[in-house]
Structure formats: structure tokens, C-alpha cells
Amino acid sequence: MRTLTLLRLFVPLFLLNAVYYFNPLQEVLIKGLANSRTFQRFALKTHIHIQDAKKVGTETLESHLDQLHKATQQATAQYSTSAFPPKNKGPPIPPLRGFSGFLAAFAKEVRQDLGLLTK
């Protein structure tokens with residue numbers, strides 16, 4: 001149990017010391033790369049390549065979104081005009097009430113089930 005506690009304390013201290021030890025080496029490496037013409041050309045080409053990829057990706061995404069928007073508009077226009085054609089301009093007519101209303105609705109359902117109902 002005591003060994004685990006010592007390990008828990010030792011590992012972070014070891015990592016911290018390693019970072020402090022390699023920090024001057026890291027600074028020398030960064031300064032050397034910053035002054036290197038080859039690395040500067042590599043960085044510039046990489047930057048240009050990434051910008052071009054972003055531009056192409058953005059254009060492709062926008063074109064796909066435009067196509068989706070147009071298709072959605074066409075589908076909703078077709079659905080709204082064909083699915084529910086306007087029948088009357090006035091208020092809806094209430095169904096018949098009572099036993100005669102029940103018989104009329106029942107006959108309509110039977111005709112629909114038998115395929116005799118014309119629309």
C-alpha cells in the first residue's frame with residue numbers, strides 16, 4: 001500500500017522533471033526550425049494545402065446543402081398541393097348525427113374495405 005503511494009508521488013515528479021529537463025532542448029529546436037528555410041517552405045505549402053482543402057470542402061458542403069434545400073422545397077410543394085387538394089372554400093360540413101349518421105359512416109367504411117369507394 002505504501003509502495004503505491006510512493007509511486008503516485010514519484011511518477012508526476014518524474015514527468016515534471018523531464019519536462020523541465022527537455023525545455024531548453026525544445027526552445028533550441030523551435031528556434032532552429034523557425035530559422036530554417038526548408039521548414040518555412042514546408043509550413044507554407046502545408047498551410048496553402050490546408051486552406052485549399054477547407055475551401056473545396058466548404059464549396060462541396062454548400063452545394064450539397066443547396067441541393068437538399070431545393071429537393072426539400074420541391075417535396076413540400078408537391079406534398080402540399082397533391083395530398084390535400086382544396087375541396088370547399090367554406091367551413092367543413094359536420095357528419096350526420098344519430099343512427100342515420102352511424103349507418104352512413106358504416107356503409108362508407110364497408111365500401112372502402114371492398115374497394116368500391118370512388119374518390
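F102 is partly exposed, at a relative accessible area of 49%; here buried means under 20% relative accessible area, exposed over 50% and partly exposed in between, with a 1.4 Å probe and protein chains only. The model is predicted, so local features need pLDDT of at least 70 and side-chain atom pairs pLDDT 80 or more, while totals for chains, interfaces and linings use all residues. Residues are numbered from 1 along each chain as its sequence is written, and side-chain values use heavy atoms, without hydrogens and water.

The protein has three helices and zero strands, in the order α-α-α from the N terminus. Helices (H or I, at least four residues) and strands (E, at least two) are DSSP runs, numbered from the N terminus. Buried residues are 1% of the 119 residues. The accessible surface is about 11800 Å², 67% of it from carbon and sulfur atoms; areas come from the Shrake-Rupley method with a 1.4 Å probe, and for residues only the protein chains shown count as cover.

Rings of Phe, Tyr and Trp (its six-membered ring) pair if their centres lie within 6.5 Å; planes under 30 degrees apart are stacked, over 60 edge-to-face and the rest tilted. This rule gives three aromatic pairs. F39 and F42 form a tilted pair, because their planes stand at 40°, with the ring centres 6.2 Å apart. Both lie in helix α2 (residues 37-82), three residues apart, about one turn of the helix. F39 is partly exposed at 34%, and F42 is exposed at 53%. F102 and F106 form a stacked pair. They are four residues apart in helix α3 (residues 98-114), about one helical turn.

| Pair | Centre distance | Plane angle | Class |
|---|---|---|---|
| F39 and F42 | 6.2 Å | 40° | tilted |
| F102 and F106 | 6.1 Å | 20° | stacked |

Ring pairs also join F99, F102 and F106 into a cluster. These residues belong to a nonpolar surface patch of about 760 Å², together with L103, V110, L114 and L116. Patch residues have over 30% relative accessible area and no salt bridge; like charges are joined within 9 Å and nonpolar side chains (Val, Leu, Ile, Met, Phe, Trp, Tyr) within 5 Å. A salt bridge is a side-chain nitrogen of Lys or Arg within 4 Å of a carboxyl oxygen of Asp or Glu.

Just after α3, G115 has a positive phi of about 80°.
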